[in-house]
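Student: I have a model open and would like to understand the labels used for its side chains. Could you take me through them?

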Amino acid sequence: MRAVVQRVSEAQVKVAGELVGSIDAGLCLLVGVMDGDTLQDARYLAKKVACLRVFSDDEGRMNLNVSQVKGEVLSISQFTLAGDVRKGHRPGFGRAMEPQGAEELFELFCEELR
């Protein structure tokens with residue numbers, strides 16, 4: 001699994017112009033599920049993200065995680081993180097997990113993060 005983590009003051013995601021999720025301050029995550037990923041991978045990544053110390057403490061040091069600052073998390077499934085651009089100019093997505101299995105692992109990841 002791969003995740004792009006962005007600390008945000010607010011974030012939202014729209015599908016076909018319709019708002020499907022939004023948060024105030026916290027983390028916006030793009031999560032890609034790859035072939036071969038397991039339940040253990042999803043749990044590990046969720047714990048890793050939850051414990052990332054990317055928020056500033058009273059001294060301005062990045063020492064706090066998202067729960068310590070009472071932040072929110074917006075997770076977005078993003079198969080393009082499995083893209084391979086080593087050959088040619090068109091990305092290949094053969095390393096992305098098939099949709100049904102990816103959805104299960106993504107949902108487990110989100111549940112573990114809660």
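**Salt bridges and a helix**

Tutor: Let's start with a pair: the side chains of aspartate 84 and arginine 86 meet in a salt bridge, 2.8 Å from N to O. This is a predicted model, where local features need pLDDT of at least 70, side-chain atom pairs count only at pLDDT 80 or more, and totals for chains, interfaces and linings use all residues. Residues are numbered from 1 along each chain as its sequence is written, and side-chain values use heavy atoms, with hydrogens and water left out.

Student: Why is aspartate 84 called partly exposed?

Tutor: Buried means under 20% relative accessible area, exposed over 50%, and partly exposed in between (1.4 Å probe, protein chains only). Aspartate 84 has 22% relative accessibility, so it counts as partly exposed.

Student: Which residue pairs with arginine 114 in a salt bridge?

Tutor: Glutamate 111 does, at 2.8 Å from N to O. Arginine 114 counts as exposed because its relative accessibility is 70%.

Student: And which residues of α2 are buried?

Tutor: Among them are Leu105, Phe106 and Phe109. Helices such as this are DSSP runs (H or I, at least four residues), numbered from the N terminus; α2 covers residues 99–113.

Note on methods. Salt bridge = Lys/Arg side-chain N within 4 Å of Asp/Glu carboxyl O. Helix = DSSP H or I, 4+ residues; strand = E, 2+ residues; numbered from the N terminus. Expected span 1.5 Å × (residues − 1).
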